[in-house]
Amino acid sequence: MCASFPFTQRALSRSPHPSRSGAGEAAGDSLLRWDIRSHGHLVVATVDGELDLATAPSLADGLSPGVTAGSHVVLDVARLTFCGAAGLNLFVTLHHHAELTGGSLRLAGPTAALRRVLVQVGLDDVLLTAPDVTSATTLAGGRRNPASLGASMRAHSRGGPTR
């Protein structure tokens with residue numbers, strides 16, 4: 001089953017409200033909460049909870065108004081407790097849209113578990129990461145991926161446990 005997200009050119013071309021703050025909750029039972037702040041072409045979204053098939057579409061809807069052509073999106077995932085395939089799909093969709101429109105996506109503060117998943121599915125070389133939101137906003141628009149996923153982490157994760 002493939003989830004569809006509303007990141008069409010039409011949905012993303014709407015003009016964001018300057019310094020607009022948005023907060024939301026997905027799935028009614030508080031599985032995922034988010035706060036989205038837009039500052040010109042910089043969008044900072046903080047997510048808290050579980051990002052899965054039930055919650056990803058709501059987050060996509062919440063992000064859609066602020067993610068316009070040329071937007072640099074920082075997605076603070078430090079408090080993400082679970083990220084399923086639909087969450088990864090949302091990250092890739094955001095990344096592709098940002099790349100096509102001259103913007104960028106950076107995941108800020110991914111946990112060790114999320115970094116491991118990104119490595120295992122081969123997205124560690126596609127999705128840019130930063131250790132925290134401050135670093136991510138400083139690097140927004142840049143192509144450099146900091147050493148948050150060092151070579152030893154990649155080798156260890158791809159090679160499996162070494163106990």
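Accessible area here is the area found by the Shrake-Rupley method with a 1.4 Å probe. By that definition, the accessible surface of this protein comes to about 8,000 Å², of which 54% belongs to carbon and sulfur atoms. The model is a predicted one, and the values given below are computed from it.

The protein has 6 helices and 6 strands, and from the N terminus on these elements follow one another in the order α-β-β-β-α-β-α-β-α-β-α-α. Of the 163 residues in the protein, 46% are buried. Where contacts join residues at least 6 apart in sequence, 65% of those contacts link residues at least 24 apart.

One pair of helices can be followed in more detail. Two packed helices are described by the angle between their axes and the distance between the axes. Helix H2, which covers residues 56–63, packs against helix H3, residues 85–100, at an angle of about 25°, and the axes of the two helices are 9 Å apart. Because angles under 35 degrees count as roughly parallel, H2 and H3 are described as roughly parallel to each other. The crossing of H2 and H3 is right-handed.

Which residues make up the contact between H2 and H3? On the side of H2 they are Ala56, Leu59, Ala60 and Leu63, and these meet Ala86, Gly87, Leu90 and Leu94 in H3. Sorted by kind, the residues of this contact divide into 7 nonpolar, 1 polar and no charged.

Is Ala60 buried or exposed? With a relative accessible area of 0%, Ala60 is buried, since buried means a relative accessible area under 20%.

When residues up to four places away in sequence are not counted, His95 touches Leu105, Val126 and Leu127.

Definitions and conventions: Residues are numbered from 1 along each chain as its sequence is written. This is a predicted model: local features need pLDDT of at least 70, side-chain atom pairs count only at pLDDT 80 or more; totals for chains, interfaces and linings use all residues. Side-chain values use heavy atoms; hydrogens and water are left out. Helices (H or I, at least four residues) and strands (E, at least two) are DSSP runs, numbered from the N terminus. Buried means under 20% relative accessible area, exposed over 50%, partly exposed in between (1.4 Å probe, protein chains only). Contact means heavy atoms within 4.5 Å. Axes are lines fitted to C-alpha atoms, for helices over the stretch in contact, and angles run from 0 to 180 degrees between N-to-C directions. Angles under 35 degrees count as roughly parallel, over 145 as roughly antiparallel, 65 to 115 as roughly perpendicular and the rest as oblique. A crossing is left-handed if the near helix is turned anticlockwise from the far one by less than a right angle, and right-handed if clockwise. Ala, Val, Leu, Ile, Met, Phe, Trp, Tyr, Cys and Pro count as nonpolar, Asp, Glu, Lys and Arg as charged, and the others, Gly among them, as polar.
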